[in-house]
Each structure stands twice: as structure tokens, then as C-alpha cells.
Amino acid sequence: MARCANLALVALAACLATAAAASAQTAPGFYAGGGIGWANVSVEEDDDYYYDYYGCCYYDYDNGEEDVGFGAHIGYRFNPYFAAELGYLDAGKPHWDHRDVYVADLDDFADTEADLEIRAAQLSVLAILPFGGIWEAYARLGASFWRADAEQAVYPLFDDVYYTRSIDDEGTSLLFGIGI
């Protein structure tokens, strides 16, 4: 637990240093930044497909294990109020597993697990409002070009056979955000 707390403090210090360096630049020019954090996969449990082995206790979602993710970006600041950025995000490889899940396709209970990888290239514009000498508020709008890969394994409780499948998907999504 202490290792996680130390890593969180290092990540917070790096983000604050990056934000302070970026806010100090109000003249036109290039800048770069990055950050680290934790990624988690949550699985929404639908009453038609997932329920407790004993037939009770429906859940809205089930959290999996975390993994470390990172992001990096470069940008060009046109003036104190406007910038454009190109970024990359790698969410690591979070893991999810759950015991005694009813899988309707198999008409059986099973232990199941999944690993998920998500990566995205991002292009965005920022509207920036400097205040207080070193602080800025910003709004971001852009596009995220993402790719997701998932590996799932299902181990039926009453069968010696197990099943695996891979799912790959990619797309483009709206990217927006606000921050200080």
C-alpha cells in the first residue's frame, strides 16, 4: 500500500510540475508534457446474463484489478488563449476476473477473466484562460483515435473444457475535457 501511495505522490508532483511549466509559457511556442496514473476495467453486469451463483445479489458493475497507464503530449501554443495538442494514451493492461458467473450462451456457471488493452492517439484544441499568475483553466475539444484489444477466458464449473476469445476493436470518438 505504501508503494502505491509513493507512486501517487510522484505522479502528482510530475503533473503539477508539468502544469506549472505549461502555464508559465504564454508566448507562442512548442511545449510537451505527460503523466501516469491507474487504469481499471469495470464490467457491467446485466441481470439477463450475470447473477450470483446463489441467485441473489445483483450488481451494477464489478471492478477489476488496476494497472499503470501513461500519457504524453506535445502542443503548440499560438497565444496565451489558444493551443493545439497531439497526444498518446496507453491505459496499461487492466485485468478483471469473477467467480460463479452465469453465462447464458453456455447455460452454465463459470469462472471468467479478461485482460484489456487500450491505446489512443489524440488530436485536440485548447481554449485557455490564464489567471493568478501561474494558473490556467482550459477547455479541450478534439478526436481520439483508439484501439482496444481484449482476451477473455471462461472456465465452466461443471465442464472440463474452457473457452477463450479475443476481441479487437477500433474507432474514433469525441474528446472533450475541462481542467485547471
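How many aromatic pairs does the structure hold? The structure holds five; rings of Phe, Tyr and Trp (its six-membered ring) pair if their centres lie within 6.5 Å. This is a predicted model, in which local features need pLDDT of at least 70 and side-chain atom pairs count only at pLDDT 80 or more, while totals for chains, interfaces and linings use all residues. Residues are numbered from 1 along each chain as its sequence is written, and side-chain values use heavy atoms, with hydrogens and water left out.

**View A. Aromatic pair of Y76 and F78.** The two rings are edge-to-face, 5.0 Å centre to centre with 70° between the planes (planes under 30 degrees apart count as stacked, over 60 as edge-to-face and the rest as tilted). Y76 and F78 belong to one aromatic cluster with F30 and F82.

**View B. Salt bridge between R140 and E85.** The side chains meet at 2.8 Å, N to O (a salt bridge is a side-chain nitrogen of Lys or Arg within 4 Å of a carboxyl oxygen of Asp or Glu). R140 lies in strand β6 (residues 135-156) and E85 in strand β3 (residues 82-90), 55 residues apart (strands are DSSP runs of E, at least two residues, numbered from the N terminus). E85 counts as buried because its relative accessibility is 8% (buried means under 20% relative accessible area, exposed over 50%, partly exposed in between; 1.4 Å probe, protein chains only).

**View C. Salt-bridge network of E117, R119, R147, D149 and E170.** D149 bridges to R119, with the closest N and O atoms 2.7 Å apart. R147 pairs with E170 at 3.0 Å between the closest N and O atoms. D149, at 14% relative accessibility, is buried, whereas E170, at 55%, is exposed.

Terms used. Helices (H or I, at least four residues) and strands (E, at least two) are DSSP runs, numbered from the N terminus.
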